[in-house]
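Subject: Structure handover

Hello,

Here is the structure for you to look over. My notes on what was found in it follow below.

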Amino acid sequence: MRREMYKPSQRIKHKPDPGKPPSAAEAEKSRLFSPISYQNLHLEQCTWVPAMVPWRASEDGFVTDDVLDWYERMARGQPGALVVEATGIRDVPSGPLLRMGDDRFIPGLRELVEVVRRASDGHTQLFIQMIDFLAIRRRPERGKFLRRFLEITDSHRQHLGGEQLAESKIREKLLSLSEEELRSVLTEREYENLARGFRERVTDVHLQHIRDLPLVLPKLFAAAAERAQRAGMDGVELHYAHAYTMASFLSAGNQREDGYGGAREKRLRLPLEVYTHVREAVGDDYVVGCRFLSDECIADGSDVEDAKYFGVEFARAGMDFLSISRGGKFEDAAQPRTGWAAYPYTGPSGYECMPSWISDEQGPFGRNVAPVAAIRDAIRQAGFSTPVVIAGGIHGFEQAEALLETGKADIIAAARQSLADPDWFLKLRLGRGDEVRVCEYTNSCEGLDQKHKQVTCKLWDRSDRDQAGIKLSRDGRRRLVAPPWEPK
Ligand SMILES: Cc1cc2nc3c(=O)[nH]c(=O)nc-3n(C[C@H](O)[C@H](O)[C@H](O)COP(=O)(O)O)c2cc1C
Ligand code: SF4
């Protein structure tokens with residue numbers, strides 16, 4: 001069952017326009033295919049495949065053969081850097097999401113490193129994205145919520161005129177209310193728990209484990225980073241973007257009063273402390289960067305001015321790269337159906353994160369360019385040369401090269417275009433860009449991601465799937481990796 005994803009009301013249909021591909025000689029002279037070095041970061045080219053969760057880990061978070069196949073296929077295209085999907089830093093069950101919260105995950109991650117080394121012939125640097133997230137529950141059935149989950153308070157009693165009434169009577173009364181009446185009796189948060197499912201926030205400091213996040217997270221991130229290093233990863237990316245814990249600390253919505261919320265510098269405090277612990281754990285000569293948002297794209301969220309400040313401070317702290325995404329929040333996500341959990345890429349901010357072909361006048365391409373350029377500018381003006389990685393609808397050589405030439409970004413990341421064609425950077429570099437399978441930005445892959453189904457691309461997942469030796473998705477309908485391509 002698919003939750004509708006937001007689309008701008010103009011509904012203008014945009015076609016991808018990759019422009020003219022370069023000849024091999026043009027590619028060789030280009031910035032895109034030139035090396036880049038800064039502190040510990042040394043890439044052979046300014047190309048990057050950002051983190052994408054393909055839902056192929058085992059239920060207990062281990063690397064599987066399907067995970068290895070996914071990264072092997074991506075590595076054959078020899079991007080400058082490949083970032084392993086968001087990987088959980090805690091040792092807690094989290095479904096088929098990769099995990100790195102214990103040493104038992106190291107052998108699998110080491111195998112992943114070896115597969116990528118071999119497949120890319122040593123040309124690709126492999127980083128891993130480290131994520132922490134808070135609890136989220138499914139939207140409950142109304143009756144169950146009012147009969148069992150809702151904690152009955154004095155406020156409910158007062159509203160329902162029965163201070164002496166037994167709890168079961170209060171629950172009966174609540175069950176008989178109309179939606180509008182119920183809304184006026186429940187607190188905003190209680191109503192949200194009913195209408196969207198319970199979701200923890202970093203501001204829930206009445207909960208001890210939330211209050212203690214600043215105590216536990218630096219150690220958890222540091223231990224996980226050290227594991228990544230032992231597994232042989234070339235570096236780590238701290239996930240400070242989208243709807244997850246660290247982004248929620250940076251958010252303007254974070255009004256914690258314990259020194260970790262409120263003003264910008266306080267919201268930044270924990271992300272900097274996490275970085276410092278990670279740096280101490282992995283040493284000075286290991287790649288550590290982060291992914292954060294140019295704009296949360298929600299009402300009262302952090303904006304590009306906040307992001308400029310954060311970018312400068314991350315650079316000052318010594319990060320080796322800054323990868324900048326956009327949007328992807330829970331706050332404006334679509335209401336889930338009963339029995340489903342809210343998904344952060346279903347609202348307007350989700351659209352900004354992964355814009356699709358049906359769009360407004362601006363279209364899905366380059367929506368992150370102006371804010372990223374402004375953040376990079378602020379970082380340069382503050383005297384730092386930290387490389388800035390841009391993503392969002394980039395699918396052509398001319399577009400990518402122009403961004404680098406005009407100093408809007410330093411490294412070009414492409415998620416969906418790399419999923420559509422994992423060889424696309426290689427094809428461009430070899431002067432065979434006319435063979436690129438161009439992403440149509442219809443977001444079928446994103447729909448699969450939303451349902452936690454193994455992610456594939458509609459442009460290739462039906463091709464040759466009946467041939468012997470082709471691995472299929474669990475539903476038996478789609479091939480799991482892109483068809484092979486041999487450079488002549
Ligand atoms: C299937 C899928 C999974 C994704 N998973 C992650 C993730 O684990 N971490 C992350 O920071 N971004 C994730 N993203 C967002 C992408 O990294 C990227 O920022 C976004 O798709 C916009 O870039 P694009 O237009 O090149 O696709 C994911 C995107 C897709 C399509
Ligand atoms: S399914 Fe394929 S073509 Fe469609 S958006 Fe995803 S990667 Fe692009």
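The shell around ligand 2 is made up of 7 nonpolar, 3 polar and 3 charged residues (nonpolar: Ala, Val, Leu, Ile, Met, Phe, Trp, Tyr, Cys and Pro; charged: Asp, Glu, Lys and Arg; polar: the others, Gly among them). This is a predicted model, in which local features need pLDDT of at least 70 and side-chain atom pairs count only at pLDDT 80 or more, while totals for chains, interfaces and linings use all residues. Residues are numbered from 1 along each chain as its sequence is written, and chains are lettered from A and ligands numbered from 1 in the order in which they are written.

Ligand 2 has 13 residues around it, the closest being Ala420, Cys439, Ser444, Cys445 and Cys457 (near: C-beta atom, placed from the backbone, within 6 Å). Helix 18 (416-420) gives the largest share of that shell, 3 residues (helices: DSSP runs of H or I, at least four residues; strands: E, at least two; both numbered from the N terminus).

Around ligand 1 there are 24 residues, with Pro50, Ala51, Ala86, Ala415 and Arg416 nearest. Strand 5 (81-88), helix 18 and helix 20 each give two or more residues to this shell; the largest share, 3 residues, is from helix 20. By type, the shell around ligand 1 holds 14 nonpolar, 5 polar and 5 charged residues.

In helix 13, Leu270, Pro271, Val274, Tyr275, Val278, Ala281 and Val282 are buried (20 or more other C-beta atoms within 10 Å of the residue's own, C-beta atoms being placed from the backbone). They line one face of helix 13, because they fall within an arc of 140° seen down its axis (the arc of directions from the helix axis to the C-beta atoms). Just after helix 13, glycine 283 has a positive phi of about 90°.

Regards

Technical notes: Buried ≥ 20, exposed ≤ 12 C-beta atoms within 10 Å, placed from the backbone.
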